Amino acid sequence: LSAFKLKENDLSFTCNRYILNTYLYVFLSFLIIAVLLVTLEHKRVEYLPTLSGFFGLFLLSLAVLIFTMMVDPRNTGTTILKHLLWLGFVLILATLFYPMYRSFTDNKVIISAIVTTLSLVLILSVVAFARPDLISFSWGPVLFTILVTVIIFEIATMLLVPKLRFNPKSKLFKAIAYIVIILFMFYILYDTKMMTVRAKTCNNNADYINESLHLFLDIFNIFVRILSLNR
């Protein structure tokens, strides 16, 4: 009701309530993940993928994410397709996260990680809205370069030194976790400013799935790394 309009018999996104709609999609993404995790846990599903299986799912999630971002929701057909791809990506991501979720027997650890993540997101969002002049558009290429470098480094260490990489007590594990947390903290600042700019310049080209995916992935990565430090 908030995010859509019917124009010339085609369902498409409206520019009204741009920021609200973006955050509603972010919330919905996490809600879908939570429902899937709780359902799998309730059904006592045991799922621990091999390293090759993990990489296979990871590459599949990247492919689905790219296709999702590429679809332009200009009419009813493409809008439905984009939502189906988005749903598929969120479900794959939840499946990748499920083994880690199941490894925690104390829910207090998960709740603590959620509270810490939300606190960081709230503080960073307030800064982004109150002082957008502190955030530069030139951050984008730099942050992306660092992100790609971290991903390549993580894949290399997983393949070459898996015992060291997956050991939560190792200095390498902790160092990567802190680097990723700091990186996505800057990404939240940057993506929040970009969202406010696109909200002001929106002209029948709103895409709340693409917009929300930026913030969703920022928050999700921070949460996962904070949680991993408590293992």
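This is a predicted model: local features need pLDDT of at least 70, side-chain atom pairs count only at pLDDT 80 or more; totals for chains, interfaces and linings use all residues.
## Aromatic pairs

The structure contains 15 aromatic pairs. One of them joins Phe-13 and Tyr-25 in an edge-to-face arrangement, with 6.0 Å from centre to centre and 80° between the planes. This pair links distant parts of the chain, since Phe-13 belongs to strand β2 (residues 10–13) and Tyr-25 to helix α1 (residues 18–42), 12 residues apart. Phe-13 and Tyr-25 are both buried.

Another pair is formed by Tyr-98 and Tyr-101, whose ring centres are 6.5 Å apart. The planes of Tyr-98 and Tyr-101 meet at 35°, so this pair counts as tilted. Because Tyr-98 and Tyr-101 are three residues apart in helix α3 (residues 76–102), about one helical turn separates them. Tyr-98 and Tyr-101 are buried.

## Ring cluster and a charge over a ring

Ring pairs connect Phe-30, Phe-97, Tyr-98, Tyr-101, Phe-216, Phe-220 and Phe-223 into a cluster. Elsewhere, Lys-193 lies over the face of Phe-137, 4.7 Å from the ring centre.

## Packing of helices α3 and α8

Two packed helices are described by the angle and the distance between their axes. The axes of α3 and helix α8 (residues 208–228) come within 13 Å and cross at roughly 0°. The two helices, α3 and α8, are therefore roughly parallel to each other.

On the α3 side, the contact includes Trp-86, Phe-89, Leu-93 and Phe-97. On the α8 side, the residues include Leu-213, Phe-216, Phe-220 and Phe-223. By class, the contact between α3 and α8 comprises 13 nonpolar, three polar and one charged residues.

Notes. Residues are numbered from 1 along each chain as its sequence is written. Side-chain values use heavy atoms; hydrogens and water are left out. Rings of Phe, Tyr and Trp (its six-membered ring) pair if their centres lie within 6.5 Å; planes under 30 degrees apart count as stacked, over 60 as edge-to-face and the rest as tilted. Helices (H or I, at least four residues) and strands (E, at least two) are DSSP runs, numbered from the N terminus. Buried means under 20% relative accessible area, exposed over 50%, partly exposed in between (1.4 Å probe, protein chains only). A charge sits over a ring if NZ of Lys or CZ of Arg is within 6 Å of the ring centre and within 35 degrees of the ring normal. Axes are lines fitted to C-alpha atoms, for helices over the stretch in contact, and angles run from 0 to 180 degrees between N-to-C directions. Angles under 35 degrees count as roughly parallel, over 145 as roughly antiparallel, 65 to 115 as roughly perpendicular and the rest as oblique. Contact means heavy atoms within 4.5 Å. Ala, Val, Leu, Ile, Met, Phe, Trp, Tyr, Cys and Pro count as nonpolar, Asp, Glu, Lys and Arg as charged, and the others, Gly among them, as polar.
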